[in-house]
Amino acid sequence: MARPMTADRPTRSLAGTLSCCDQQLRSMNLPSGTDVVTVALAGQPNVGKTTVFNLLTGLNQHVGNWPGKTVEQKIGVCHSGNVPLALVDLPGTYSLTAGSEEERVARDFILHERPDVVVLVADASNLERNLYLLSELLLLPVPIVLALNMVDVAEEYGIHTDAEALSQALGIPVVPMVASRNRGVRELLQVVQALACDGDRNTGAYPYHPRRPQLRPDHRDTLAALLRLIQGRVPEPYPEEWVAIKLLEGDREVTELAQGWLPQGTWQEVHSILHRHEDAILDIAGGRYQWIGEVLAGAQIRRGLGQVGLTERLDRWATHPLWGMAILGAAAALMFFLVYTVGSPLQGVLEEYVVTRPSAWLSTHLDWAPAWVTGLLTDGVLAGAGTMATFVPILAIFFAALGFFEDTGYMARAAFVMDRFMHAIGLHGRSFLPLFLGFGCNVPAIMGARIADSPRARLLGILLAPLVPCTARLGVLTTLAAAFFGPYAFVVTLGLVGTNLVVLALLGVVLHRLVLRGEQAAFIMELPLYHRPNGRSIALFVWHHLRAFLARAVTIIMAASVVVWALSALPAGDIGSSYLAAMGQALEPLGRLMGLGWRLMVALLASFVAKENSLAVMGVLFAGAETGAGLTEVLPTLISPASALAFLTVQMLFIPCVATMAAIRKETGSWAWALFDLCLLLVISFLGGAVAYQVGLLLGWGA
């Protein structure tokens with residue numbers, strides 16, 4: 001039976017203040033502070049940490065960003081008996097050295113928020129690397145439980161780990177589990193509850209007396225000297241021994257903090273010691289691996305060493321420079337096939353029932369209302385936010401495919417084979433798939449940039465994503481290319497899509513020099529063993545991304561849609577005499593450089609709400625009809641092929657839609673970067689349009 005929480009569980013040192021975790025719980029109308037046990041889930045990428053989190057919390061999750069960071073923050077709640085547990089899914093990290101945003105977030109949360117228990121989820125088939133992270137966690141003042149996940153996969157590969165022997169060797173509770181099959185989860189909750197609630201952990205149901213790794217003898221005196229110098233000068237919540245070891249490791253952030261804590265004379269002594277012992281990090285790492293070897297020697301048995309397993313056999317193809325690319329291309333082709341054969345028809349159905357029929361119904365039943373009311377609802381709300389909502393089937397298929405690749409372990413292979421190409425523009429192989437998502441919609445591509453390791457690489461991925469032509473932009477291109485160029489439409493379409501990708505690569509090289517300043521961060525990723533996907537985890541992955549997309553569609557996108565609609569309707573209710581038209585006429589001198597009249601400039605501006613708006617606006621301004629058929633017939637008689645080529649070039653390179661702008665603002669946390677990307681793409685698109693127009697004139701397409 002569960003115990004009453006407030007009486008038995010230890011009181012945190014920061015009790016009484018509202019932590020970021022507490023604030024998230026308050027936003028979920030859940031208890032916070034000392035009324036709930038806070039559990040942090042830590043672990044390396046691809047160890048099943050998210051599967052454990054989803055299994056325990058289900059739909060009872062809140063997804064946001066860490067305060068001041070673009071790293072995703074997930075908090076969920078579950079219960080062990082009547083004890084509420086707030087689970088915080090820390091970013092996947094290989095160590096706790098502040099070399100990346102994820103590592104900084106993970107260790108800052110443990111140090112400053114002081115969770116009641118940290119659960120380290122480890123891959124039983126690759127325990128050595130996972131125990132290295134444990135060796136760092138044990139230096140922090142929080143109780144730790146080792147969740148030995150994927151023991152079934154390890155057994156398949158001949159790796160047997162004795163959890164009891166491992167627990168005795170480490171001095172901490174160890175729980176074997178298979179999260180994908182819901183095995184061991186209840187036992188994990190029991191251990192977490194007992195560790196958080198027992199007053200004396202040394203004599204409780206799960207005795208806790210951790211055996212920490214020791215520094216090799218060569219530098220133990222150095223560590224002791226550092227401890228004497230910093231003793232009494234390190235503020236809460238930093239442990240003095242942890243600070244001393246981090247100084248010996250050369251941790252830049254801790255070094256800067258220590259310089260501020262210590263008097264100048266003391267810092268000079270510390271700096272002198274660190275300068276004389278720059279090689280101490282080798283002894284620290286060596287001591288940790290020696291500790292790992294001793295721990296595993298009596299707890300793990302490996303059978304069939306030297307045999308080639310399933311993962312090795314598959315990876316001979318999946319990571320091959322040539323065949324790996326072919327497999328990735330086939331996987332991408334299958335995903336697009338599903339999108340266009342399943343997702344697009346469903347999108348058409350949604351468009352009929354979410355946009356077209358409601359618009360017709362509103363027009364019929366609101367005939368008594370002022371025209372602006374009907375226009376606001378049909379052309380503003382439904383045409384903007386409603387159209388974005390119709391992309392749900394396409395996005396669901398994209399996210400399901402992404403979740404499948406991630407859950408089976410293939411995502412790491414795709415990143416591996418693309419890494420050498422992505423490095424040319426300053427990105428990692430992991431950034432390929434988010435950019436690839438941009439062919440469906442740029443918004444998830446920008447959200448997916450979070451998987452980049454460094455903030456600068458993440459920023460670069462965000463800035464480049466709008467150059468990937470989305471389905472809406474491709475729809476406009478396909479329709480107008482057929483109208484203007486007839487039998488040559490396919491060549492023009494292919495050339496313009498290729499132009500976008502070339503511009504993306506060139507811009508990536510330039511921004512890599514300017515934004516990343518040529519920085520090439522090391523790409524470190526372990527290839528996990530292949531394993532069967534978990535349907536529940538994939539479903540939750542899809543749900544959380546769709547929920548975030550829809551939340552954005554009914555807030556920021558709807559507001560922006562209404563603003564642009566107002567510009568197109570005011571002051572007289574006619575787009576031809578609207579403020580938007582006035583803006584187009586003001587831009588007409590610029591448009592002449594590209595052979596574009598003010599009507600085409602207005603069509604470009606209207607695409608800011610949604611790219612397909614260009615067609616609707618052109619239908620009103622040129623044909624005076626609402627149907628696409630009338631538009632495609634009249635356009636070639638009014639616009640020269642050279643101007644058409646320039647318009648399509650600008651359309652493909654033009655500024656992102658309002659939904660994408662909102663995503664850029666949210667992911668960068670800055671309007672400055674969003675406006676920078678907007679201005680940059682505006683200049684590039686107009687330059688591209690001017691060049692295309694001159695090329696068209698040279699080809700004799702000016703008539």
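What share of the contacts in the protein chain with a separation of 6 or more comes from residues 24 or more positions apart? In this predicted model, such residues account for 74% of those contacts. The protein chain has 703 residues, and 56% of them count as buried. Its secondary structure comes to 32 helices and 9 strands.

Burial was examined in helix α5, which spans residues 127-137. Of its 11 residues, 9 are buried, so the helix is largely enclosed by the rest of the structure. The buried set includes Leu127, Leu131, Leu133, Leu134 and Leu137. Asn130, Tyr132, Ser135 and Glu136 are also buried.

Two packed helices are described by the angle between their axes and the distance between the axes. Helix α23 covers residues 489-514, and helix α30 covers residues 641-653. The two pack at an angle of about 40°. Their axes lie 10 Å apart. That angle makes α23 oblique to α30. The crossing of α23 past α30 is right-handed. On the α23 side, the contact involves Val492, Leu496, Val497, Asn500 and Val503. These meet Leu645, Leu648, Thr649, Met652 and Leu653 of α30. The residues of this contact divide into 8 nonpolar and 2 polar, with no charged residue.

Helix α9 comprises residues 220-230 and contains Thr222. Thr222 is buried, with a relative accessible area of 7%. Neighbours within four places in sequence aside, Thr222 is in contact with Leu248, Ile273 and His277. Helix α10 comprises residues 240-249 and contains Glu241. Glu241 is partly exposed, at a relative accessible area of 44%. Glu241 and Leu223 stand 18 residues apart along the chain, and their C-alpha atoms are separated by 8.4 Å. The loop between α9 and α10 holds Pro237. The peptide bond from Glu236 to Pro237 is cis, with omega near 5°.

Most residues other than glycine have a negative phi, and most peptide bonds are trans. Backbone exceptions in phi were also found. Met150 has a positive phi, near 60°, and is not a glycine. Its place is the loop between β6 (144-149) and α6 (151-156). Met150 is buried, with a relative accessible area of 10%. Asn182 likewise has a positive phi, of about 60°, without being a glycine. Asn182 lies in the loop between β8 (174-176) and α8 (185-197).

Cysteines were considered last. A disulfide is a covalent bond between the sulfur atoms of two cysteines. The structure holds 0 disulfides. Cys470 is buried, with a relative accessible area of 10%. Cys679 is partly exposed, with a relative accessible area of 45%.

Notes
Residues numbered from 1 in each chain as written. Predicted model: local features only at pLDDT ≥ 70, side-chain atom pairs only at ≥ 80, totals over all residues. Heavy atoms only, no water. Axes fitted to C-alpha atoms, helices over the stretch in contact; angles between N-to-C directions. Helix = DSSP H or I, 4+ residues; strand = E, 2+ residues; numbered from the N terminus. Parallel < 35°, antiparallel > 145°, perpendicular 65-115°, else oblique. Left-handed = near helix turned anticlockwise from the far one by under 90°. Contact = heavy atoms within 4.5 Å. Nonpolar A, V, L, I, M, F, W, Y, C, P; charged D, E, K, R; others polar. Disulfide = S-S within 2.5 Å. Buried < 20%, exposed > 50% of the residue type's maximum accessible area, 1.4 Å probe, protein only.
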